Amino acid sequence: MSAMAAAGKAKDAPIAIGPITDADIEAVVQLWLDCDLTRPWNDPRADIAQARRSGSAEILVARAADGRVLATAMVGDDGHRGWLYYVAVAPALQRSGLGRRIVAAAEDWMRSRGIAKSQLIVRATNTKVRGFYERLGYAEQPRVLMARWLDGRPMTP
Ligand SMILES: CC(C)(COP(=O)(O)OP(=O)(O)OC[C@H]1O[C@@H](n2cnc3c(N)ncnc32)[C@H](O)[C@@H]1OP(=O)(O)O)[C@@H](O)C(=O)NCCC(=O)NCCS
């Protein structure tokens with residue numbers, strides 16, 4: 001099936017969204033690579049393991065009926081706000097509603113934990129994705145994000 005045909009079908013196809021399993025890990029890492037979401041300072045397998053053992057985060061995976069990984073969202077509860085990371089949809093299936101569905105599932109996860117506000121960080125260079133979040137009701141917040149590595153390594157912009 002062509003990518004376009006697959007994309008057209010994704011909207012109504014039976015897709016299950018649930019927590020990541022051991023069997024999903026390599027496909028999830030590949031999806032993040034395909035979506036250019038990995039960075040040298042973030043080992044994706046370590047990020048997955050950290051989220052899974054934290055007790056305050058989940059990696060949600062959207063799977064096709066045959067088990068293929070189609071989309072992900074990492075969702076976390078910092079004790080006050082909810083955070084989204086690694087929102088990714090398989091490139092051939094983008095723009096078919098899957099991103100909206102996986103973010104909605106992550107927001108439901110936040111609501112179930114009493115979280116009132118969902119937040120995320122978009123790299124300034126990722127201009128494309130801002131339109132997506134705006135369609136979902138997110139708005140840019142005039143804040144300055146400050147951070148430091150706790151092992152003392154220098155900060156890069
Ligand atoms: C961003 C991403 C998750 C969006 O997923 P998607 O499945 O393509 O998005 P959807 O089809 O669910 O789109 C939902 C809405 O956003 C709109 N939208 C999607 N991408 C958009 C874009 N780049 N600009 C403007 N609007 C966009 C859609 O038109 C749709 O609007 P509608 O439902 O009101 O008609 C996907 O493009 C992706 O994986 N990108 C690469 C990884 C990435 O950058 N992730 C974000 C990290 S912060």
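Mentor: Let us begin with a term: a residue is called buried when its relative accessible area is under 20%, and exposed when that value is over 50%, with partly exposed in between. Please keep in mind that this is a predicted model.

Trainee: Which residues have the most contacts inside the largest nonpolar core?

Mentor: The general idea is that, in soluble globular proteins, nonpolar side chains tend to be buried together. Here the largest nonpolar core comprises 41 residues, and Trp32, Ile48, Ile59, Leu84 and Val103 have the most contacts inside it. At least two core residues come from each of helices H2, H3 and H4 and strands S2, S3 and S4. Helix H4 gives the most, with 7 residues.

Trainee: What does Trp32 touch, leaving aside residues up to four places away in sequence?

Mentor: Trp32 touches Leu37, Thr38, Pro44, Ile48, Ile59, Thr72, Met74, Tyr86 and Ala88.

Trainee: How many salt bridges does the structure hold?

Mentor: As a general idea, side chains of opposite charge can pair when their charged atoms come close. This structure holds 9 salt bridges. One of them joins the side chains of Arg63 and Asp24, at 2.6 Å from N to O. The pair links distant parts of the chain, with Arg63 in strand S2 and Asp24 in the loop between strand S1 and helix H2, 39 residues apart.

Trainee: Is Asp24 buried or exposed?

Mentor: Asp24 has a relative accessible area of 5%, so it is buried. Arg63 also counts as buried, because its relative accessibility is 16%.

Trainee: How far apart in helix H4 are Asp108 and Arg111?

Mentor: These two residues lie 3 residues apart in helix H4, so about one helical turn separates them. Asp108 and Arg111 form a salt bridge, with their closest N and O atoms 2.8 Å apart. Asp108 is partly exposed at 46% relative accessibility, while Arg111 is exposed at 53%.

Trainee: With which side chain does the side chain of Asp47 make a polar contact?

Mentor: The partner is the side chain of Tyr86, at 2.5 Å. Not counting residues up to four places away in sequence, Asp47 touches Asn42, Met74 and Tyr86.

Methods: Residues are numbered from 1 along each chain as its sequence is written. This is a predicted model: local features need pLDDT of at least 70, side-chain atom pairs count only at pLDDT 80 or more; totals for chains, interfaces and linings use all residues. Side-chain values use heavy atoms; hydrogens and water are left out. A nonpolar core is a set of buried Ala, Val, Leu, Ile, Met, Phe, Trp, Tyr and Cys residues joined through side-chain atoms within 4.5 Å. Buried means under 20% relative accessible area, exposed over 50%, partly exposed in between (1.4 Å probe, protein chains only). Helices (H or I, at least four residues) and strands (E, at least two) are DSSP runs, numbered from the N terminus. Contact means heavy atoms within 4.5 Å. A polar contact is a pair of N or O atoms within 3.5 Å; within protein, one must be able to donate a hydrogen and the other to accept it, and residues adjacent in sequence count only if both atoms are side-chain atoms. A salt bridge is a side-chain nitrogen of Lys or Arg within 4 Å of a carboxyl oxygen of Asp or Glu.
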